[in-house]
Structure formats: structure tokens, C-alpha cells
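Hello,

Please find below the structure you are taking over. My notes on what was found in it follow.

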Amino acid sequence: VDEDVQPEVFHVDPRKGLERLTKVLELEHSVRIIEGIDIANLQGEESVGALVCFIDGVPFKNAYKRFRIKSVEGQDDYAMIREVVQRRYRHAAEGEELYPDVILIDGGLGQLHAALAACEEMFVKPPMVIALAKREEELYIQAKGLPIRLARNDAALRLLQQVRDEAHRFAQHYHHILRRKRQFDEDVEAGKRAPRKKKGASPTEAEVSPELSGDETQEHPPIE
């Protein structure tokens, strides 16, 4: 194998990843369900949150969720994480849903504290909440003061990277949809392009695009 190739590009064995993650997190029960959360915005504009779900180490896209940030103005990623965590898990806090085994936040210690603060505000004890920081790939675990670094080829790290990167991709995808939609509306207002036609009329090419029409597919789940 070329030594310049990063190990995380290779296939992750879900079973080995879950077994190793259970051991790393010192959990009594085997990990089955992991939910990953990430935030995307551009200088506080079109801010969104995204959640992905992995069951038995593989993506379960029917459980993906996207959130348009409502309560935060400007660029405050911590506050956005608190909002998304509360909106996602409020039903679990009320006993109407089950928590996943692990909640993974894309980020470092600050992002982890923001997620835990959201749980405290709901007066609930969360499941295992962790954060994985990019670049150094440091793993922050609730109730532990210092992060840990796993080997680059560690099965648990590679599984968490896959979840984290999928959450990042999904958040960026939704963020770009909203940016394109806003640009489209601004161009219409400026007279640079024709407005979308009403129902019953023949749609333009732009109007039938899922990114602009808001078609609900696995890649475009209902907005929370």
C-alpha cells in the first residue's frame, strides 16, 4: 500500500469499529446507533444544522434530519449546536423517543460543552456525547478532562470519521441549497432571471432541480 495514502480512505469494518468504539468509550452495552451533528454557515448567513444516523455502523438515511437555525443571529456555532441538540432530542427528553447510543459532534471541547449544556437545559442526562476535532483528530469524551488520540488506523476512529464526515457533507449540502435559493430569489428581484412559474405551468429547468424545488428525498429530508 502506498504509504502516502491516508488510512481513513479504506473500507471500515462496521462490526470491528463498533466493538472497538464500545471499548474506547468504556460502555457497558455494545454501540449500535450513532447520530452525528454538524453546523454549516457562511459568516452567520443561511445557518443550518444537520444530523446523520448510522445503525450497526452503516448510514440509515431515512433518519437523517436537517435544521434551519431559528434562534441564533450571527456566527455562533456553540449556540447553534445547542439549538439543534434541543430540537432533535426534545422528544427523547419527554420520554417519547429513545436516545441513540452515541451522539457525535463535529468539533472540539467547546462544541462538546455546548451539546452537554443543551441537555442540561432540558434537565436530562444524555447518552454518551463525544466530539471529534478535525486535523489532530482528537476525541473529546464527556466527563473526561483531556482528549484522547487514537491511532490513524484504529477501527473506532475510522468509524467516527465516517460519521463525522457524513454529517459535515450533509450540512454543507443543505447550506449550499439555501445559498443557491437565496441567490436565485435575489436575481429574480433584480430582474436578472425569470421568476418561478406557478403550479400548473411548465417548469423551467431550474424549477425542477431538487436543490431549488425542495423535493423530499433521502438527501432532502423534512426540515425540522
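How are helices α2 and α3 set relative to each other: oblique, parallel or perpendicular? The two helices are oblique. Please keep in mind throughout that this is a predicted model.

The α2/α3 pair

Two packed helices are described by the angle between their axes and the distance between the axes. Here α2 covers residues 77-93 and α3 covers residues 109-121. Their packing angle is about 40°, and the axes are 8 Å apart. Roughly parallel would need an angle under 35 degrees and roughly perpendicular one of 65 to 115, so α2 and α3 are classed as oblique. Their crossing is right-handed. On the α2 side, the contact is made by Y78, I81, R82, V85 and Q86. On the α3 side, it is made by G110, Q111, A114, A115, A117, A118, C119 and E121. Sorted by class, this contact of α2 with α3 has eight nonpolar residues, three polar and two charged.

The chain as a whole

The protein chain has five helices and eight strands. Read from the N terminus, the order of elements is α-β-β-β-β-α-β-α-β-β-β-α-α. The chain has 224 residues, and 45% of them are buried. Of the contacts with a separation of 6 or more, 61% are between residues 24 or more positions apart.

K16 is in helix α1. Its relative accessibility is 46%, so K16 counts as partly exposed.

Aromatic pairs

A search of the whole structure gave two aromatic pairs. Y89 and Y99 form a tilted pair, with 5.8 Å from centre to centre and 35° between the planes. Y89 belongs to helix α2, while Y99 sits in the loop between α2 and β5 (102-106), and the two are 10 residues apart. As for burial, Y89 has a relative accessible area of 1% and is therefore buried. Y99 has a relative accessibility of 22%, so Y99 counts as partly exposed.

Positive phi outside glycine

E26 lies in the loop between α1 (14-24) and β1 (33-42). With 61% relative accessibility, E26 counts as exposed. R135 is not a glycine either, and its phi is positive at about 70°. The loop that holds R135 runs between β6 (128-132) and β7 (138-141). R135 counts as exposed because its relative accessibility is 77%.

A residue in strand β2

Is S47 buried or exposed? S47 counts as buried, because its relative accessibility is 8% and the cut-off for buried is under 20%. S47 is part of strand β2, which spans residues 45-55. Leaving aside neighbours within four places in sequence, S47 is in contact with A40, N41, F67, R68, I69 and M80.

Regards

How values were computed. Residues numbered from 1 in each chain as written. Predicted model: local features only at pLDDT ≥ 70, side-chain atom pairs only at ≥ 80, totals over all residues. Heavy atoms only, no water. Axes fitted to C-alpha atoms, helices over the stretch in contact; angles between N-to-C directions. Helix = DSSP H or I, 4+ residues; strand = E, 2+ residues; numbered from the N terminus. Parallel < 35°, antiparallel > 145°, perpendicular 65-115°, else oblique. Left-handed = near helix turned anticlockwise from the far one by under 90°. Contact = heavy atoms within 4.5 Å. Nonpolar A, V, L, I, M, F, W, Y, C, P; charged D, E, K, R; others polar. Phe/Tyr/Trp six-rings, centres within 6.5 Å; stacked < 30°, edge-to-face > 60°. Buried < 20%, exposed > 50% of the residue type's maximum accessible area, 1.4 Å probe, protein only.
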